[in-house]
Amino acid sequence: MNSSFRFFVSGILASALSIHAEDSSHDLVIYGATPGGLIASIAAARQGASVVVIEPTPWIGGMTTGGLTRSDVGKEQTIGGLTREYFERAAARYHGENLWYAEPHANMETFQTMIEEAGVETRTSRTIQSVKKDGRKLLSLTTDSGEVFHGRQFIDASYEGDLMALAGVSYIVGRESRTQYNEPLAGYYPMSVRERSAETMAYDGYLRGEKGGPRYVHGTPTQIRSRDDHGHLLFGVHPAPDLQPGDADHATQSYNFRVVVTQREDIRIPFPKPENYNPSHFELLLRLIQSYPVVRFGRLVHLGEVANGKYDLNAQGFFSTDFPGANFDYPDGDTATRERIYQEHKDYVQGFLWFLGHDERVPKQLRDETNSWGLCRDEFTDNDHWPYALYVREGRRMIGEYVMTQQDCQRRIRKPDSIGMGSFLLDCHIVQRIETPEGFVVDEGSFQDTPTRPYQIPYRSITPKADECENLLVPVCLSASHIACCSIRMEPVYMALSHAAGLAAVEAMRSNQPVQEINVPGLQTALRKQQAVLELDDGATGPESVDLPGIVVDDMDAEFVGPWTGSNYGTPVDGFGHHDGDSDKGKKTATFTARIPTSGRYEVRFAYSSAPNRCQATPVTVIHSEGASALTVDETKPPEFDKAFTSLGVFAFSQDLPAIVRITNEATQGYVSVDAVQFLPITE
């Protein structure tokens, strides 16, 4: 299709398809030919089930065939089963250069081969319009073409969760409050200005091939005025909402297109000028460039090499291909709303590239550098070489039998009904740009530097509540909070969960049981036989707080002032700790507070990750019932106890007063590390 592609099939096409439309019946009906949907279909079909996959766009494969060619995998040892088989087959043509990167057409050909081998039927350009249900059981779904698809079991593998919603399954759009699931990162999340030097902004390791240089992540790099000369807010900047940090809202992290680009002259096509180009939409970008006149193209976008001279162009930095605040109506939107948002994002991303390459106010060096890149002549040949898929990073999220939260990605990592694993960072792109009271622009909602531990995802998180639907599984819009979704949302994880969903659907049919009541240990056995990874046999590298004596306050429960960076370096308690980034000296504190059940004397131990670049005199204050004691810790020395803790001394504490240990980076040299504090009662 050409550049006027509509995200959903047109009314004329729908009417044409509805002529002589016939009902069809299958063992398993899957809505959404995403990578997850296709893996589920292959898993079920290989077990002998008849499977049909229904997809609203003209193309199968979702983001993997639609532009996202550098898959985010986290720890690759967590990926196995049909997911790994798919990536191995796609990468085979590259002679093992990188298992997780492949050109879009290679990904498409691999999926087409695998579903053909399995005997999976696909129906593209069909949008779900309604469902028929008998009590808790789905009977059929009807598309806009008038076709009715009957099934014994159903899987919603779409990015939006449309089948789930029509089936009456509970879901949420947006962000939970910080208090709902006790998630420190949850809710409204205004960010501070993170000053970047001109040298940092100019640095371009991706193009020069340099290693180890600074990576400019999301966040406002300098103070930029939010209004034009007439007092109007710049395009894309919104008034700050009437919210407090941590409040719930209906906002969703930003979408974009993952554009496949090249500098190869034999296949390079110039970036197109969008249908609805408006240079005023990029005034904020211009002000950023004027603040950093030598900024390079590779600081405004993330260029990840794929193969054969092609790169996956993604968003990074303050102003890039993400379109913050423009997608809030998408998850629950009707056809017209989603079509509009799709086109607006296409215009925005194409406009961004066109502006950088052609606006005379952009420095010539940056224009020339931008124009040295272009689209790939041999990719997306039926869509004017533009990526097929809008990157819906987050749609609806089911509220199912078990809701995955931040703690499930960092502390409560083990699940008895594990069907797959996640391991990627908690990674949220910008949600919106807002105006500060002083009249400047700041980002809101983004975080990228909070680590997770390899964690198990339970079967209960892909099953609806039993009283809502008994023959539907939801492995993509699964039951997870916004924060947990920020790690789970990677395509290989969706594919692993969908592998399990395909087998579970077959088991539910064979046993004639609701999906909530199938034999999960049997499902796990089947998954392991197919080389799926349900656990890692690496043990915990550091101590678990629940296994330690006394009272342990982990950094997950500490109060931080200033931006601290999460890290899993060393053998930290509960898998990771924090450090001050060796920056903003005197502006950062970490406070660990405990309630003492019985008054008395306690040994206080402090956990940190030692390294040669750590501070040799980290300031620590212990506030106890007799006052406050100040001391320092040499963090270059290994801790004395449990590979993590060193003793701060013995102090008296009262059950009526909080026990407090506060660490600062005041006048420190080197990185300040914090991990946990332990209070051990002293028996006389």
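**Note on aromatic rings in the predicted model**

1. Arg460 lies over the face of Tyr402, 4.7 Å from the ring centre, where a charge is taken to sit over a ring if NZ of Lys or CZ of Arg is within 6 Å of the ring centre and within 35 degrees of the ring normal. Arg338 is likewise placed over the face of Tyr330, at 5.2 Å from the ring centre.

2. This is a predicted model, in which local features need pLDDT of at least 70 and side-chain atom pairs count only at pLDDT 80 or more, while totals for chains, interfaces and linings use all residues. Residues are numbered from 1 along each chain as its sequence is written, and side-chain values use heavy atoms, with hydrogens and water left out.

3. Rings of Phe, Tyr and Trp (its six-membered ring) pair if their centres lie within 6.5 Å, and planes under 30 degrees apart count as stacked, over 60 as edge-to-face and the rest as tilted. By this rule the count comes to 22 aromatic pairs. The rings of Tyr277 and Phe282 are stacked, because their centres are 6.4 Å apart and their planes stand at 20 degrees.

4. Tyr277 is partly exposed, with a relative accessible area of 21%, whereas Phe282 counts as buried at 2% relative accessibility (buried means under 20% relative accessible area, exposed over 50%, partly exposed in between, with a 1.4 Å probe and protein chains only).

5. Phe319 and Phe352 also form a stacked pair, since their ring centres are 6.2 Å apart and their planes are at 20 degrees. Both Phe319 and Phe352 are buried.

6. One aromatic cluster is formed by Phe235, Tyr277, Phe282, Phe319, Phe323, Tyr348, Phe352 and Phe355.
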